[in-house]
Amino acid sequence: MYRQVSVWALLLTVVLRQTAGDIPVDEAEHEQLLTVVPCIRRLCEKYFRSERAMKGSLAIINIKPDASTFQQHILRSFNEDPRHEMGVMVKDASRPHLNASHVTEKAKNYLMLIADSSALAAPIRQLRRLPTWNPLAQVVVVFTAELTPLVFEIEVRNVLQELFDHSVLNVNVMVQRYNTSVLEVWTWFPYESGSCADNIERLRLVDECEYAFQEPDPERNVRSAWVYRERHYFSDYGPKIPKYYHYCPLKVSTSIWEPFVVGNASHIEKGLEVLMLDVITARMRLVPVFSVIDGSLTTARITADNQTGLYADVLQRRTDLMIGGLHENPISRKLLSATIPYFQDDLTWCVPTARHAPKWLNVFIIFNVWTWLIAIGIIFAAAGLLFRFNYVEGLYRVNYTWMLLQSLAFSLSVYAHYWPRRVSIRLFLIGYMFYGLHWNAAYHSFLISVLTRPRYEPQIATVQQAIEAGFGFAGAENTLGHFDKPDGVSRHIAAHYAVCRNLDECLGRLRRERTVAIAMSRAHSSNSRAIGEAELYCFSKAENIYTYSVSMLAKKDFHLLPKINELIRRISESGLLGKWQKESEKIRIDRDEDEGAGGDEGGGSGGDGEKSGEGQTILRLDHIEGAFLLGAAGLLLALAAFVGEVLYYRAKRRYRWRDNLADRYLL
């Protein structure tokens with residue numbers, strides 16, 4: 001049954017129990033119970049206030065068909081309000097609520113009618129399933145039976161504690177004073193007198209109301225009427241959730257995960273999220289207290305285990321927040337609340353940087369293969385022409401090998417001892433020398449560039465290239481779930497995936513192993529102290545495993561979360577995040593420089609060439625080892641040829657061989 005009267009920021013839940021305490025037996029007691037109904041509505045009007053009317057909002061009252069007269073009177077008092085400021089929907093709390101995903105407006109107020117504290121679990125369970133659930137709303141709990149002084153405080157404390165366990169702090173409990181028609185309102189103040197919202201210490205009476213009949217008094221000209229007699233104490237204590245928190249501790253669990261958190265197990269230095277928390281806690285007058293999470297928990301498979309899982313500290317309320325480059329996942333969305341995101345990170349593959357290419361090829365890679373083949377072909381062709389020219393002129397003893405050396409000298413712009421008589425031959429040599437001049441200039445120009453600049457092997461930059469190169473894959477256990485897919489690449493990765501218990505140690509493997517890819521946070525990979533940034537290469541964003549938004553994870557419905565979100569939004573808009581990220585990275589740079597300075601005391605130089613004071617590159621032997629190898633190869637060939645000639649000469653004399661064509665080249 002549905003009846004919408006008008007609009008008001010109110011969500012009402014009534015849970016009825018079929019017990020003797022729910023339906024008074026004594027008629028006099030029953031009448032006395034009904035006298036507090038006007039006070040219930042009057043005080044609800046006081047507490048249920050919204051800054052703006054929510055158009056289309058409803059009051060949901062769960063009443064069973066056999067509801068008591070008292071409960072029906074409360075329902076009627078709201079329904080028959082002449083101002084019609086709210087809508088009403090009647091439901092049964094014992095039945096599952098229909099899908100309400102189309103409702104997006106958060107509830108501002110709740111009214112719960114219960115016989116005793118044990119009946120509170122059912123309405124809370126139902127309300128938490130609704131998309132309108134709002135733990136920051138105003139909650140009024142009304143006991144539908146009188147409580148004796150012996151059970152009064154116990155029942156009120158039980159109600160406040162159960163709601164506090166669900167992060168609901170704005171609670172007022174209405175109790176009818178025993179054997180009277182006075183309605184009392186009791187509550188607690190989480191931050192009263194230096195308290196830090198960690199336990200319910202003192203109950204406070206904030207309001208009293210009695211709807212009583214006023215006898216006529218002719219002397220004062222007072223007619224008989226029903227009037228409210230009220231007394232208010234609420235202003236004496238201030239708001240339930242204040243603006244400042246007198247430096248209460250904000251307990252934070254974190255892993256050491258640069259650049260978000262920099263430090264070690266005993267000392268948190270800085271970090272993007274640490275600096276952010278410093279500002280947030282300073283504004284709210286809180287004190288951050290850090291505890292470091294075991295690194296193995298951050299890499300293990302994410303579960304809902306509240307004893308030893310990653311979220312155990314928060315689920316057991318040992319801490320309020322978690323930081324360390326975290327992001328939401330299907331399990332955390334059910335168990336925890338998250339701040340608004342403030343940083344975007346990637347889960348990607350990181351591999352060793354490509355090694356330097358072999359330096360012995362420096363003197364050959366200046367030109368490609370076809371250029372070298374053409375140049376060498378020209379040398380041989382020119383040598384053939386010179387051999388023929390010399391044969392025609394008859395100036396020197398005819399020898400093609402000698403002419404080949406002459407041709408090589410001309411091609412390198414080196415003096416060659418050859419003076420032909422014919423003008424045509426000289427003109428050919430002039431053209432050949434110009435060719436040699438250009439070739440030599442081009443060769444030496446590019447040679448200087450090649451010798452003074454490092455060269456690298458092709459960089460592995462995609463998953464497909466890594467698979468083809470026979471790479472193994474490694475990373476956190478909780479990353480393995482991303483490869484539970486039917487495609488061939490995911491199956492290959494899952495079959496060759498090694499679980500890392502410590503990601504920084506795993507990242508350090510890239511220094512020693514050439515065929516391994518590590519699944520790693522892009523932000524952490526470029527800031528980890530386990531390896532230098534120049535020693536690893538992380539794939540481009542197109543090759544990301546997963547892109548996610550970094551946020552802090554908090555207790556479910558943490559009451560300080562809205563204020564923290566507001567400050568995070570201001571920090572993001574101010575541009576401080578970029579500044580803090582650079583400061584977090586600077587810690588690593590400074591430490592690397594200190595370590596590098598200590599290592600340089602022993603002398604030596606790295607890189608591809610020694611740098612002089614003026615920045616000039618001084619070439620070492622390995623830069624031109626190819627030329628030495630080529631010279632050594634020539635000497636070996638010459639030695640082999642010499643030995644061959646000697647052996648051939650001795651064999652010819654010993655066995656008296658006749659002259660042949662080979663003698664022209666060997667002797």
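Select Gly575 to begin: just after helix α17, this residue takes a positive phi of about 85 degrees. The structure is a predicted model, in which local features need pLDDT of at least 70, side-chain atom pairs count only at pLDDT 80 or more, and totals for chains, interfaces and linings use all residues. Residues are numbered from 1 along each chain as its sequence is written, and side-chain values use heavy atoms, with hydrogens and water left out.

Next, select residues 561-574, which form α17. Helices are DSSP runs of H or I with at least four residues, strands are runs of E with at least two, and both are numbered from the N terminus. Colour Leu561, Ile564, Asn565, Leu567, Ile568 and Ile571, the buried residues of α17 (under 20% relative accessible area, 1.4 Å probe, protein chains only). Viewed down the axis of α17, these buried residues fall within an arc of 165 degrees, so they line one face of the helix; the arc is that of the directions from the helix axis to the C-beta atoms.

Now turn to the largest pocket and select Thr298, Thr299, Ala476, Asn478 and Leu503, the closest to its centre of the 45 lining residues. A pocket is an open set of points on a 1 Å grid over the protein atoms alone, where a 1.4 Å probe fits, with protein on both sides within 12 Å along at least five of seven lines; lining residues have an atom within 4 Å of a point. Show α7 (295-299), which gives the most to this lining, with 4 residues.

Finally, for the second largest pocket, select α10 (369-393), α11 (400-411), α12 (423-452) and α19 (625-655), each of which supplies at least two lining residues.

Notes
The expected span of a helix is 1.5 Å times one less than its number of residues. Buried means under 20% relative accessible area, exposed over 50%, partly exposed in between (1.4 Å probe, protein chains only).
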